[in-house]
Amino acid sequence: PPAMSRRVVRQSKFRHVFGQPVKADQMYEDIRVSKVTCDSSFCAVNPKFVAIIVESGGGGAFIVLPLAKTGRVDKNHPLVTGHTAPVLDIDWCPHNDNVIASASEDTTVMVWQIPDYVPVRNITEPVVTLEGHSKRVSIISWHPTARNVLLSAGCDNLVILWNVGTGEMLLALDDMHTDLIYNVGWNRNGSLLVTTCKDKKVRVIDPRKQQIIAEKTKPHDGTRPIRAIFVADGKIFTTGFSRMSERQLGLWDLNNFEEPIALQEMDTSNGVLLPFYDADSSIVYLCGKGDSSIRYFESTDEAPYVHYLNTYSSKEPQRGMGFMPKRGLDVSKCEIARFFKLHERKCEPIVMTVPRKSDLFQDDLYPDTPGPEPALEADEWLSGKDAEPILISLRDGYVPIKNRELKVVKKNILDSKPRPGPRRSHSTCDSDYFSPALEEVLEEIRALKETVQAQEKRISDLENKLGQFTNGTD
């Protein structure tokens with residue numbers, strides 16, 4: 001009899017990846033998640049902390065919780081409050097797990113140092129405030145390989161690159177976007193940016209040459225917002241809408257931006273799809289705001305190039321989503337991604353796992369991955385150098401480094417020519433003008449600050465001990 005022809009199933013170790021929420025006591029409960037209408041993810045996580053933008057009366061705030069502090073969050077838990085209007089985006093520094101940046105409707109970007117212990121009072125003093133936008137700032141993103149380089153994009157259609165270590169503007173990319181910028185993403189070594197914009201264009205920009213090197217008008221025909229990220233080999237992955245308002249994904253090659261490598265319709269939901277990419281497994285996870293599911297796809301070199309893997313479904317819609325960097329995952333459980341899904345009043349971690357029988361380290365799932373050391377200094381990058389991320393092995397798991405202080409050394413503006421772009425204020429401080437008396441006062445203030453921090457830690461430790469004794473009873 002003739003051999004039965006059967007469809008050959010594509011070989012992939014990620015075909016059976018499945019998602020699972022953590023147990024109820026591993027969630028973060030009683031958090032008033034922000035209700036601001038903004039397509040940002042509202043949540044940022046790293047191996048030490050989860051940060052969530054929250055509701056706050058007057059001004060803008062976010063909460064930072066140590067990862068292990070699951071369960072009900074105390075209603076008096078300190079917040080990070082310094083913005084005078086709602087916070088729209090937050091991003092942890094990839095090279096320092098205690099440093100986070102926030103962007104706000106108040107037109108500023110602030111960079112914060114978060115202590116390893118839980119402070120007693122709200123954190124109100126940023127390490128540095130970056131002023132240069134004239135309208136609200138809705139996007140921030142740290143450079144993947146250069147120390148202290150931070151990007152911000154605002155509703156003034158301006159993209160600014162900052163050196164956080166000096167508090168100054170490095171580059172202002174104006175006259176490139178004619179309308180509201182929807183999203184900005186770096187490539188793996190931080191030499192290029194991809195942006196999407198309300199003018200229906202995807203642009204690939206060389207920020208140091210201040211040049212658009214490739215551009216695609218209407219990668220998706222629909223009118224709703226588009227998102228774009230870099231994936232492997234410099235390809236670009238987009239999400240958008242068709243003319244019939246179906247959600248689509250697209251894969252594009254920079255060298256031939258006219259035709260997509262892949263274009264797939266998904267469904268007719270109207271939430272914007274936020275793409276999260278894991279370079280180590282080439283998996284793209286799509287989380288729609290207002291959706292109750294996470295769809296995931298593997299991107300490969302063989303047709304159809306974007307392969308649907310599966311969908312994690314739940315009953316509750318997501319208000320936002322955090323995505324753990326690879327070094328924060330539990331390699332002993334074959335965890336290849338962890339999401340932090342925001343509900344109205346809680347944050348629920350969702351673990352993506354590759355089923356394996358062995359307890360040994362699965363080196364095919366965990367190639368060396370970017371670690372916390374920057375590959376370049378800000379001025380090296382600005383002068384034209386590029387460097388790939390410095391990789392670490394996860395064989396023995398990753399142990400977070402203890403708190404390293406972000407030092408900001410402001411330059412004397414009298415020594416330099418004015419910066420490009422619009423400026424609202426300059427911070428002036430020049431060490432040459434300090435009189436000895438002033439030095440003494442500053443030294444005293446420093447000592448006092450250290451004492452206060454030590455006392456706060458002591459109070460915090462005592463409160464924790466007291467909490468153990470009383471065991472939750474008032």
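How many helices and strands are there in the protein chain? The protein chain holds two helices and 32 strands, where helices (H or I, at least four residues) and strands (E, at least two) are DSSP runs numbered from the N terminus.

This is a predicted model, in which local features need pLDDT of at least 70 and side-chain atom pairs count only at pLDDT 80 or more, whereas totals for chains, interfaces and linings use all residues. Residues are numbered from 1 along each chain as its sequence is written, and side-chain values use heavy atoms, with hydrogens and water left out.

**Overall form**

For 474 residues, a compact globule would have a radius of gyration near 23 Å, and the 23 Å of the protein chain agrees with this; the radius is taken over C-alpha atoms, and the globule rule is 2.2 Å times the number of residues to the power 0.38. The C-alpha trace spans about 100 × 60 × 40 Å along its principal axes. Of the 474 residues, 51% count as buried, a term that means under 20% relative accessible area, with exposed over 50% and partly exposed in between (1.4 Å probe, protein chains only). Among contacts (heavy atoms within 4.5 Å) between residues at least 6 apart in sequence, 52% join residues at least 24 apart.

**Aromatic pairs**

Rings of Phe, Tyr and Trp (its six-membered ring) pair if their centres lie within 6.5 Å, and planes under 30 degrees apart count as stacked, over 60 as edge-to-face and the rest as tilted. By this rule there are 13 aromatic pairs. One of them joins tryptophan 186 and tryptophan 381, edge-to-face, with 6.0 Å from centre to centre and 80° between the planes. Because tryptophan 186 lies in strand β16 (residues 181-186) and tryptophan 381 in helix α1 (residues 378-382), this pair ties together parts that are 195 residues apart in sequence.

Phenylalanine 276 and phenylalanine 339 also form an edge-to-face pair, since their ring centres are 5.7 Å apart and their planes stand at 75°. Phenylalanine 276 belongs to strand β24 (residues 273-278) and phenylalanine 339 to strand β29 (residues 335-342), so the pair ties together parts that are 63 residues apart in sequence. Phe276 and Phe339 are members of one aromatic cluster that also includes Tyr285, Tyr296 and Phe323.

| Residue | Relative accessibility | State |
|---|---|---|
| Tryptophan 186 | 10% | buried |
| Tryptophan 381 | 0% | buried |
| Phenylalanine 276 | 13% | buried |
| Phenylalanine 339 | 0% | buried |
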